[in-house]
Amino acid sequence: MALTGRLGLLALLSAAIPLFAPSWWTLLIVWGVLLLGVAADLALAGNVRALRFHRSGDKNVRLGGTAQVSLIVENLGRRRLKARLRDVWPPSAGATPRSVKVDVPAGERRRVEMTLTPTRRGDRKAVTVVVRSVGPLGLAARQLSRAAPWTVRALPAFPSRRHLPAKLARLRELTGAHVALIRGQGTEFDSLREYVDGDDVRSIDWRATARRNDIVVRTWRPERDRRIYLVLDTGRTSAGRVGDIPRLDCSMDAAMLLGALASRAGDRVDLLAYDRRVRARVEGASRTDLLPAMVHALAPLEPELIECDAAGMVSTLMARVRQRCLVVLLTELNTAAIEEGLLPLLPQLTARHLVMIAAVSDPRVGEMAAARGDLASVYDAAAAERARADRRRLTAELRGHGVEVVDAPPEEIAPALADAYLALKAAGRL
Amino acid sequence: MVTQTPPRSGAGQAGPTGAEPSARQVAGRRWRSARGVVAVILAMVVIAIILAALRPSTSAQALDPESPKQDGSRALAEILRQNGAQVTVARHADDAVEAAGPGTVMVVTRTERLTNEDLILLSNAQADLLLVRPTSFALADLAPRVRKDGPTFEDADEPGCSLQAATLAGAVAFHESETYEVRGGSATECYKTEYGSARVVQVQNGAHTVTVLGSASPLTNRRLTEEGNAALGMNLAGAATGSSVVWLVPDLPESGSGAGQESLTDLLPFGVKLFFLELLVAVVLVALWRSRRLGPVVAEALPVIVRSAETVEGRARLYRAGHARDRASDALRSGARERVVPLLGLPRSRAQDPSAAQEIVTAVARRTTYDETYVGAALYGPEPLDDAGLIALSDVLDDLERQVRQS
């Protein structure tokens, strides 16, 4: 039950009556009339308990887009329902309108359209639906809140998808779909064909030439069906914000671009998000399913404020993949975390797999290193140089273990990682 | 501008205008909405100040027979004493009544300080009363037949009555004076205005005479010498009869004594009480209306905000707090070497190799305007002695790097 402002106003106005008729009876009569009005309203208001809610509409929306979710209010009662209805969502769901007026005759249903503009990635669950049914006099209302579950998943925005066409073009150059390769830098044998002027003489297949009258060359194509394992570190270092975006979001973006690219290149891509346990996993997805599966798996991920368990991550990885693959570890080049956690385990990993580490560097460190002028900025510069030196040393150490390291600022990490992958592919090192 | 950009995240869509209002706009909007209220409050304050300034002020010692000040009445009291009258000064109504016997004239001043009980005491006193500019309450108790008839500022020339005190005094400078009319019965009315109301009224109230004087001016030290003021004052106070005079200048009544026994609730009409009760109920109803939310407050699990460069900034502050010039200069030098060495065509690994120092210094000196000693001191020298030295070092390193880059 809820009271209305009209009742308060009426009580306020009727306060003047005892001034003209000063008696307890006046007061009792005034109160009695108000009480009677409230009782009548409560009795005659549309029945909120006889409502049924149904939902339909979008379940996914890319971050920054809008989703339409409709709520259908069905009135199973015998009275007409005139009410104010609020569909309650968390603030970050960006639900509008805040509340609507509904008028549902008995036995009929009405649709309420909600527009959701999520401001943060992840699942947004509808909390409840609140209906306040006001009586005919407008003095009191019956109010009820009832669950009408619905979840809208705000998917990562994937801003680096604009790089995909360029990278795909480069990939096609490599695979020979557009430009025929002579001596392919890949390692897979493709076919034999006749020699044409300009072909590399080293690619002549003498055995086949001997069998035929023509000179025959071998053609090559980049390997296909290699395995790529993307590993996202969701531990404490992924929570750090570069600009205003957490590292994890940059890593996700890079992982999605690489996933999209590699799946087009015919490679098998798997994904694992790990800190102290598996947070998300995509395995065995087909080429066409991969990107949606990745996006869905990554959408609800949030950084955890715990140290990443490198040993657990490596053992999980080793248990899952037997054959050689490219392990792309998206983490942060944090000296303490890498040296204590990952570095001792690297030989175990590199013995079987090719490992690539991708890290987002902070442009703020570069700004600080360039700062001059007063004492504070010189000390800033010194600290930034020190941080960069640590990072360089760590990178060198990792490269010494045969690990590929991609270290780039947030807006460049995704294309840089894709380039590193294409370079590996071109070099036939996958 | 707004329409060209496609809608992005929801955070940017604050309102239909899109742009966040500036602090100046917000302040302006608040001022425009509040200026009516401010103007009304200012007007009320100004009116209150004007009213307070216009109010005639009376000092604490006005009409006090012991006060030699302008508005005191010591001069008159002294004259009365010299004429053989016995002047008793009373500060309380009970003292005055005690001192007063039959034939005594009691001068009652500052009646606004008298409580109801004091007035009842005085009305039962044996003495004749001279009321100096009494309040309506005092008038109602002590001279029930006399009513106020409004103030006048005109001068009064002739008494125009048979009252001996007045006829002897002749013209009197009343200045601003209250006037009176008498309802029923006989009375002596003197110094009438052209409308017929009198400045001095003498009535018979039971056994004793009550004289009401509309103005305090004739009795004050300041005005005593004007016209026939002194004569009027002396005659009214009864100097002619040579009897005793009790001059009552009441002190402020103590709180809780006499008047004010009734509480506020006793004074309020019953209807008003009911009105407030009903008002209370209305307020409660309005509070209930406002307090009932349309649905719950939704808690949002917010992400942590950790800036990635925080550790680097923290380290910079630690360096600064500890004056760690050695660490800072090492870091700056190794950073500069790291950038310079590849430009010199040397392997990158030489940058942090102490044994390659001479080689690097020579190569740098060849490509800059500095000599080897200077370059050596810049790239490999000791720690700066003070903070100014550290800043200078950073500038030198920058200059070296720039020159190598441009050569």
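Two residues count as in contact here if their C-beta atoms, placed from the backbone, lie within 7 Å. You're looking at a predicted model, where local features need pLDDT of at least 70, side-chain atom pairs count only at pLDDT 80 or more, and totals for chains, interfaces and linings use all residues. Residues are numbered from 1 along each chain as its sequence is written, while chains are lettered from A and ligands numbered from 1 in the order in which they are written.

**Stop one: helix 10 of chain B**

Select residues 310–321 of chain B, which form helix 10 (helices are DSSP runs of H or I, at least four residues, and strands runs of E, at least two, numbered from the N terminus). Its 12 residues reach 16 Å from first C-alpha to last, close to the 16 Å expected at 1.5 Å a residue (the expected span is 1.5 Å times one less than the number of residues).

Now colour Val312(B), Arg315(B), Ala316(B) and Tyr319(B), the buried residues of this helix (buried means 20 or more other C-beta atoms within 10 Å of a residue's own, exposed 12 or fewer, partly exposed in between). They sit on the same side of helix 10 of chain B, because their arc around the axis is only 100° (taken from the directions from the helix axis to the C-beta atoms). Gly314(B) and Ala321(B), on the other side, are exposed.

Which elements cover the buried side? Among them are helix 11 (363–369) and helix 12 (375–400) of chain A, plus helix 11 (325–343) of chain B.

**Stop two: where the chains meet**

Show both sides of the contact: 61 residues from chain A and 49 residues from chain B. Helix 12 of chain A gives the largest share of chain A's side, 14 residues.

**Stop three: a sheet in chain A**

Next, select the open sheet of 6 strands in chain A, ordered 19-18-15-20-21-22 with mixed pairing. Strand 19 (278–282) and strand 22 (404–408) of chain A each have a single partner, so one side of each is left without a neighbour in the sheet. Zoom in on strand 18 (268–274) of chain A, antiparallel to strand 19 of chain A over 4 bridges; Ala273(A) has Ala280(A) as its bridge partner.

Definitions and conventions. Two strands pair if DSSP finds at least two bridges between them.
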